[in-house]
Amino acid sequence: MLISSDKPDSSTNGYSHYDFIPSTKEKSHKNGFSHPVKNGSIPTYAQVQTPPKELKEEFEETPYLIVLTIYLCYAVLMVFGYLRDFMRKSGLEKNFMAKELNREVSTLDIHVDLEKQVAEFLGVEDSIIIGMGFATNSTTIPSLVSKGCLIFSDELNHASLVLGCRLSGAKIRVFKHNNMKDLEKQIQSAIIEGQPRSHRPWKKIIIIVEGIYSMEGTIVNLPALIDLKKKYKCYLYVDEAHSIGAIGPRGRGVVDYFGCDPNDVDILMGTFSKSFGAAGGYIAGSRNTIDHIRVYCYNFMYATSMSAVVAKQIYTSMQIVMGKDGTNEGLKRINQLQRNTHYFRQKLKQKGFIIYGNEDSPVVPLMLFFPSKIAAFVRHLLKHGIATVGVGFPATSLTTARARFCISAAHTKEMLDEALSVVETAGRLIMVDYSRKPRSQENVIY
Ligand SMILES: Cc1ncc(COP(=O)(O)O)c(C=O)c1O
């Protein structure tokens, strides 16, 4: 039906174009202009306006037959959905094709296999995989908490966690880095005071931490955190981007490192971009939690699934770490990484550098302090074939610039020694061997 307003009819679209036509008195002045300063008044915008063009908007009811056909199509699709579920259960459907947009139609066998394997690796019921590590945090947290919930976030949490917290709409309180006393004090007062103004109890309280902190090389105090979360009935979210596949006797992250029960951590998050040499992230936990995330996480519902090639790479490297390839290559590499880490850290300390973090952490921050020294240090190393990451404000505070080394199991003793000698020269040249501790000459056993 075409809606055309030949006559002034204010009911068609809320107003009539006649509303814009100047009054008879105003019309008597050509062009709609009244004599501007005849009686000392300046014409208003409405007075100088010319009438707008007539509004024409088109609309036609959906034909009944089309509506019926669409609903019929949905019914047919639903029947095919049941058929597909049946075929999947009986192993008849292999799902060869991946389409974009919805994980429901873009999940390949390799994705399902990888999700099962991640859950097995971590010792929990279920997991989901997402194509990007950063988005794993930033889109999962909003699916877990919202307005009326409270997040306790470590002050040194990664940007992806910070973004996820902000997007969730929940209240955020920041506690001192890895400081359980400060955290407990804040939890207690949050529970006593409740939500701001209404003082209602918080819907959920969640503590968000990292396994190994990417800029500090510190390891989270997981046993103390588990005690706290149980004592105050909070949820616990641990980002294992730097710890998964790197620490613990079986390379299964901080839970493995401390010998804790993985079921005591509500959300286990990690990325595949470090130890697994690929890309993407995972969320693992109880079946109920993962089922919830599958439905409410934007990334899982709307983003393209992980590339099958990447998924296969992760699957295979995880099999090696788990010893499922029939060799002990994975275990050997985990032990090698620990050896390399201890050796490199100790040697750097002997050379007078200030090194932050836990001695088991393969993330090794060497303190430069002055932001102006970052480029000189990194460039000197690069000139001698050694890649390192210079980190300054805003990733650190203004006065704690540093260089970060990431140790690998693939490094040999010769490589480490060569790197140490270049770092030593750079350190003397740029004057960053600041440590005031006595420099031990003890032989470091490799
Ligand atoms: C703690 C932490 N979480 C998440 C991420 C994001 O992971 P990705 O780089 O794989 O997107 C990083 C990246 O370095 C990280 O350090």
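**View A. Val238 and the residues around it in the predicted model**. Skip the neighbours within four places in sequence, and Val238 is in contact with Val209, Gly211, Val220, Val254, Val265, Leu268 and Met269. Val238 also turns up among the residues with the most contacts inside the largest nonpolar core, along with Ile206, Ile207 and Ile208. That core counts 85 residues. Helix 5, running over residues 109-122, supplies the largest share of the core, six residues.

**View B. The whole chain, with its confidence in mind**. Zooming out for a moment, the chain has 16 helices and 12 strands. Of its 446 residues, 33% are buried. Take the contacts between residues at least 6 apart in sequence: 64% of them join residues at least 24 apart. The pLDDT averages 88 over the chain, and 85% of the residues score at least 70. Two stretches deserve a careful eye. Residues 1-37 have a pLDDT below 50, and this stretch has 45 contacts in the model beyond near neighbours in sequence. Residues 96-102 are also below 50, and here the model has 10 contacts beyond near neighbours in sequence.

View C. Within it, Gly390 sits opposite Ala403 of strand 12.

**View D. Helix 14, from end to end**. This helix covers residues 329-350, 22 residues in total, and spans 31 Å from its first C-alpha to its last. That is close to the 32 Å expected at 1.5 Å a residue. Its buried residues are Gly330, Ile334, Leu337, Gln338, Asn340, Thr341, Phe344, Arg345, Lys347 and Leu348. In an α-helix there are 3.6 residues a turn, so residues three or four places apart point the same way. The cover over the buried residues of helix 14 includes helix 13 (308-322), strand 10 and helix 16 (413-430). After the helix comes Gly352, with a positive phi near 95 degrees.

**View E. Asp325, in the loop between helix 13 and helix 14**. Asp325 has 13 other C-beta atoms within 10 Å, so it counts as partly exposed; the buried class would need 20 or more. Leaving out residues up to four places away in sequence, Asp325 touches Gln319 and Ile320.

**View F. Ile191 in helix 8, and Pro201**. Helix 8 runs over residues 180-193 and includes Ile191. Ile191 is partly exposed because it has 15 C-beta neighbours inside 10 Å. Pro201 lies 10 residues away from Ile191 along the chain, and the C-alpha atoms of the two are 7.0 Å apart.

Conventions
Residues are numbered from 1 along each chain as its sequence is written. This is a predicted model: local features need pLDDT of at least 70, side-chain atom pairs count only at pLDDT 80 or more; totals for chains, interfaces and linings use all residues. A nonpolar core is a set of buried Ala, Val, Leu, Ile, Met, Phe, Trp, Tyr and Cys residues joined through C-beta atoms within 7 Å. A residue is buried if 20 or more other C-beta atoms lie within 10 Å of its own, exposed if 12 or fewer, and partly exposed in between; C-beta atoms are placed from the backbone. Helices (H or I, at least four residues) and strands (E, at least two) are DSSP runs, numbered from the N terminus. Two residues are in contact if their C-beta atoms, placed from the backbone, lie within 7 Å. pLDDT is the predictor's confidence in each residue, from 0 to 100. Two strands pair if DSSP finds at least two bridges between them. The expected span of a helix is 1.5 Å times one less than its number of residues.
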